Amino acid sequence: MLRSFCLMALTSLALAACGTPSVQLGADGKPLPKLYRIKDSDVSAIQFRMLDSVNALRQASGSPQVQLNAQLNAAAATHARDMAVQNRPWHFGSDGSSPLDRIVRVGYLGALVGENISETYETEIETLGAWMEQPDTRRVITAPEASDMGFAWFQETNGKIWWTLVMGDSTRSQLIAAPVPNADLSGPTE
């Protein structure tokens, strides 16, 4: 009888241990993040998951949907990798390029609406949530004039991810003033 009871108790404990995931907590009492490893085969799934999430947020804010744009994806990928090389999240490339320079380089004919960047170990959806908490990055995501989106990342071997989201407006072109040779731009003289 005692043997049966001990066997049942051990079995119950073993089953209970299987159903309880072990979660490590940080000093702040919150669960420590798990390493989010991105495989090459995940690219389109992640990009379309982000597109769907962005469009849901845009719809809730009254803005029209955007579509993925290959040129903006390329500009975002270039900048994500470059931020990793520089080891800092900022909007300027190691060659001094701006977001506008990068979309022009890839041949995007529309106007730049904005760029969001992040350095994190979090998933794309967690990163989108963090962007939505800040007024300036939320404005880029929900900008009513945006029609196109580019989204890419670069993941280091240690798991750190450099995210870049670029929004563009294909209905208008970027106005870039080219200098006029030998022009007198000083204004009228009296």
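1. Helices (H or I, at least four residues) and strands (E, at least two) are taken here as DSSP runs, numbered from the N terminus. On that basis the chain has six helices and four strands, and read from the N terminus the elements follow the order α-α-β-α-α-β-α-α-β-β.

2. This is a predicted model, in which local features need a pLDDT of at least 70 and side-chain atom pairs count only at pLDDT 80 or more, whereas totals for chains, interfaces and linings use all residues. Residues are numbered from 1 along each chain as its sequence is written, and side-chain values use heavy atoms, with hydrogens and water left out.

3. On confidence, pLDDT is the predictor's confidence in each residue, on a scale from 0 to 100; the chain averages 83, and 75% of the residues score at least 70. Over residues 9-13 the pLDDT is below 50, and this stretch has zero contacts in the model (contact meaning heavy atoms within 4.5 Å) beyond near neighbours in sequence. Residues 177-190 likewise stay under 50 in pLDDT, with zero contacts beyond four places in sequence. Where pLDDT is low, the predicted coordinates should not be read in detail.

4. As to the chain as a whole, buried residues make up 36% of its 190 residues, where buried means under 20% relative accessible area, exposed means over 50% and partly exposed lies in between, with a 1.4 Å probe and protein chains only. Among contacts between residues at least 6 apart in sequence, 68% join residues at least 24 apart.

5. For the aromatic residues, rings of Phe, Tyr and Trp (its six-membered ring) pair if their centres lie within 6.5 Å, with planes under 30 degrees apart counted as stacked, over 60 as edge-to-face and the rest as tilted. The count by this rule comes to four aromatic pairs. One of them joins W90 and F92, whose ring centres are 5.4 Å apart and whose planes meet at 65°, so the pair is edge-to-face. W90 is partly exposed, at a relative accessible area of 30%, and F92 also counts as partly exposed, at 40%.

6. F151 and W163 form a stacked aromatic pair, with 5.4 Å from centre to centre and 10° between the planes. This pair links distant parts of the chain, since F151 sits in strand β3 (residues 148-155) and W163 in strand β4 (residues 161-169), twelve residues apart. F151 is buried, because its relative accessibility is 0%, and W163 is buried as well, with a relative accessible area of 0%. Together with W153, F151 and W163 form one aromatic cluster.

7. On helix packing, the axes of helix α5 (residues 124-133) and helix α6 (residues 135-142) come within 5 Å and cross at roughly 110°, the axes being lines fitted to C-alpha atoms, for helices over the stretch in contact, with angles running from 0 to 180 degrees between N-to-C directions. That makes α5 roughly perpendicular to α6, a class that covers 65 to 115 degrees, whereas angles under 35 count as roughly parallel, over 145 as roughly antiparallel and the rest as oblique. At this meeting, L128, W131, M132 and E133 in α5 face P135, T137, R138, I141 and T142 in α6 as contacts.

8. One backbone angle deserves a check: phi of N87 is near 60°, a positive value in a residue other than glycine. Most residues other than glycine have a negative phi, and most peptide bonds are trans. N87 lies in the loop between α3 (70-86) and α4 (99-105).

9. A84 is placed in helix α3 and is buried, with a relative accessible area of 13%. Apart from neighbours within four places in sequence, A84 is in contact with F154, E156 and W162. The C-alpha atoms of A84 and E156 are separated by 7.6 Å, although these residues are 72 residues apart along the chain.

10. Two residues of helix α2 may be read side by side. D52 lies in helix α2 (residues 43-60) and is exposed, with a relative accessible area of 52%; its C-alpha atom is separated by 9.5 Å from that of Q67, 15 residues apart along the chain. A56 also lies in helix α2 but counts as partly exposed, at 45% relative accessibility, and A56 and T142, 86 residues apart in sequence, are 10.0 Å apart in space, C-alpha to C-alpha.
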